[in-house]
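Thanks, everyone, for making time this morning. Please have a look at the sequence and the structure on the screen, and then I will walk you through how the pieces pack together.

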Amino acid sequence: MEIRGAATIAAAAAGALRSQAVESTASEPAVFESTMRAAGRRLHQTRPTAVSLPNALRFVLQRMDGETVGALRASIISAADEFVDRLERAQSDLGRVGANRLRDGDCVMTHCHSTDALACIEAAVKSGKEISAVVKETRPRNQGHITARELRELGVEVTLIVDSAARRYMRQVDHVLVGADSIAADGSVINKIGTSGLAVNARDRGVPIMAAAQTIKLHPDTLTGHTVEIEMRDEREVIDPESRNSIGDIAVKNPAFDVTPPRYVDAIITERGQFPPESIVTLMRELFGESVGEPWEEPADRGVDGGRDADGNGAIDEETDL
Ligand code: RI2
């Protein structure tokens, strides 16, 4: 969690591959390629839910090319730099799309901290619109505090609330704006825990909900029926060990993310425009085709399905669905 937020994680992963390429002492091309794939596998294991991480690894490692170590190294460096450059451009393009949905004087409710979501508010403010925000603190790690600070830096009027006050304040907001860690092929939005309940409340109150998600948040594996793994985090984020012991024998669960079904989402905002969630699959097919590789695996280990587990049901994990 020192590096967090799906876009930031993606940039860090590309940067880590770049560092590995620069620092590798391999003198044989095959050894160099193998160390790059090993670095990719290690990075891939760090967090399971944000698909921007494997998408970043895929972008860089698929461009690893050359007959010599020098050429291979140069290809990684140039791909990593291009990835970060595209990421920054995508976020500002997405911000302009999202800003078009915000009118002068609108109030926005936010959840957690998302650089993609903030890009929309920033673009609106920079175009001269006055925007205010109701910011949910977002238990257990209170990343809403980061959002509150960054919105204040933009000059946005901020009201901070506890998560459970969201419904009470829903009447005075014009939009719910969240980010995404992954978007599934059916248009489900996988985002910080609490997003799905917030979206249900918003729908009940007639408040539109928009998810700001660059296309690196689109989860290509979900095109072929794979589910999105939800990260379970340390129970000490929820309760300290002393308090837990004083209560007695209890179970504590701390899922980091949840799944908001497409019927509760009005628009997914990307750098390629805004999409109703049900049509995001069209963009996914255009970007990924029908299959995706896992270039961090050694060629012999890739297999027909890239070595992944397939439950084949094409649905979201039942524990995470509404
Ligand atoms: P950007 C965060 O997860 C939040 O769920 C946020 O909505 C999402 O990443 C996207 O963030 P975490 O890494 O890419 O804090 O928009 O667990 O910055």
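This is a predicted model: local features need pLDDT of at least 70, side-chain atom pairs count only at pLDDT 80 or more; totals for chains, interfaces and linings use all residues.

**Sheet and helix packing**

Strand 2, residues 132-136, is joined to strand 3 by 5 bridges, and the two run parallel. Within that pairing, Lys 136 has Ile 161 of strand 3 as its bridge partner.

Stepping back to the whole sheet, we have an open arrangement of 7 strands in the order 3-2-1-4-7-9-10, and the pairing is mixed. Strand 3 (157-161) and strand 10 (273-275) stand at the edges with a single partner strand each, so one side of each has no neighbour in the sheet. From one strand to the next, the twist averages 25°.

Now to the helices that meet this sheet. Helix 4, residues 69-100, lies across strand 7 (209-212), strand 9 (267-270) and strand 10, and runs at about 145° to strand 9. Helix 5, residues 115-126, also packs on the sheet, where it touches strand 1 (107-110), strand 4 (175-178) and strand 7, and its direction makes about 135° with that of strand 4.

Finally, a helix pair: the axes of helix 2 (residues 29-44) and helix 3 (residues 52-61) come within 10 Å and cross at roughly 170°, which means that helix 2 is roughly antiparallel to helix 3. On the helix 2 side the contact involves Met 36, Gly 40, Leu 43 and His 44, which meet Leu 53, Pro 54, Leu 57 and Leu 61 of helix 3. Sorted by class, that contact has 6 nonpolar and 2 polar residues, with no charged ones.

Notes:
Residues are numbered from 1 along each chain as its sequence is written. Side-chain values use heavy atoms; hydrogens and water are left out. Axes are lines fitted to C-alpha atoms, for helices over the stretch in contact, and angles run from 0 to 180 degrees between N-to-C directions. Helices (H or I, at least four residues) and strands (E, at least two) are DSSP runs, numbered from the N terminus. Angles under 35 degrees count as roughly parallel, over 145 as roughly antiparallel, 65 to 115 as roughly perpendicular and the rest as oblique. Contact means heavy atoms within 4.5 Å. Ala, Val, Leu, Ile, Met, Phe, Trp, Tyr, Cys and Pro count as nonpolar, Asp, Glu, Lys and Arg as charged, and the others, Gly among them, as polar. Two strands pair if DSSP finds at least two bridges between them.
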